[in-house]
Amino acid sequence: GIVANLRIELPSEWLDRLALAALGEEAVALRPYRRDILRWRIHECLGDLDDARVAAYLGDSGGSRAQRRFQLAERLARIYTRYLVYRPDWLREWASGRDPTRSGTFLAPLWKMLHRQIDLPHRGEMIARLLSALEKPAADVLGAEPLHVFGLAHLAPTELDVLRAVARHRPVVLYVPDPCREFWGGLRSDRQRLRELLREDPDAAA
């Protein structure tokens, strides 16, 4: 057959479009929380962070201190952007002044400082709002046609939660890679496959 007029999107694009329809706001890659911008906010906050380990790492020498400060800000921005996807529960607790990880690191107080400074909901908070909105979505938000998801090796837990919420209102079909390295077709002989084809369509022999 022929397939035409399909809308093909990356998961992040689809998630943003769904959030725009349900909430009127983007849910993914919000500008203040993008790594290239977040690292400069972190760079600024490091000077106000009261942590002996950070101060000892940065040291006192001018040129190397500036380099280490930028490198640390870049590394922390990379960590936080991953947490936005995979550990929004930690970020929520850190923003409220609690640390469920009990790690005793400066990640929690630094995030609280950043979140207060940015003063906008991040990706994890937006998806939480989206999940609430999808409990009883408006008729024009989801549509009725099946949603086909191709070739994803993994999804972040929150993204999987969104798919589950959508699946309650419209068909969601997953096409996932097979983890087996062997070719499934080789598990049966040609004779067995022919017999199965004949059982399914007796007229095929003609």
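The model is predicted: local features need pLDDT of at least 70, side-chain atom pairs count only at pLDDT 80 or more, and totals for chains, interfaces and linings use all residues. Residues are numbered from 1 along each chain as its sequence is written, and side-chain values use heavy atoms, with hydrogens and water left out.

**Salt bridges**

- The structure holds 10 salt bridges (a side-chain nitrogen of Lys or Arg within 4 Å of a carboxyl oxygen of Asp or Glu).
- One of them pairs E159 with R123, whose closest N and O atoms are 2.6 Å apart. E159 lies in helix 9 and R123 in helix 7 (residues 123–133), so this pair ties together parts that are 36 residues apart in sequence. Helices here are DSSP runs of H or I with at least four residues, strands are runs of E with at least two, and both are numbered from the N terminus.
- Are E159 and R123 buried or exposed? E159 counts as buried at 19% relative accessibility, and R123 is buried at 7% (buried means under 20% relative accessible area, exposed over 50%, and partly exposed in between, with a 1.4 Å probe and protein chains only).
- R78 and E74 sit 4 residues apart in helix 4 (residues 62–86), about one turn of the helix, and their closest N and O atoms are 3.4 Å apart. R78 is partly exposed at 30%, whereas E74 is buried at 14%.
- R78 and E74 also belong to a network of salt bridges with R35 and R39.
- E9 bridges to R17, with 2.9 Å between the closest N and O atoms; E9 is partly exposed at 27%, and R17 is partly exposed at 36%.

**A pair of helices**

- The axes of helix 5 (residues 88–95) and helix 6 (residues 107–118) come within 8 Å and cross at roughly 75 degrees (axes are lines fitted to C-alpha atoms, for helices over the stretch in contact, with angles from 0 to 180 degrees between N-to-C directions).
- That makes the two helices roughly perpendicular, a label for angles of 65 to 115 degrees.
- Residues making the contact include L91 and W94 of helix 5 and W111 and H115 of helix 6 (contact means heavy atoms within 4.5 Å).

**On the surface**

- L6, in the segment before helix 1 (11–23), is exposed at 59% relative accessibility.
- R168 is found in the loop between helix 9 (157–167) and strand 2 (172–175), and R168 counts as exposed at 65%.

Note on methods:
Angles under 35 degrees count as roughly parallel, over 145 as roughly antiparallel, 65 to 115 as roughly perpendicular and the rest as oblique.
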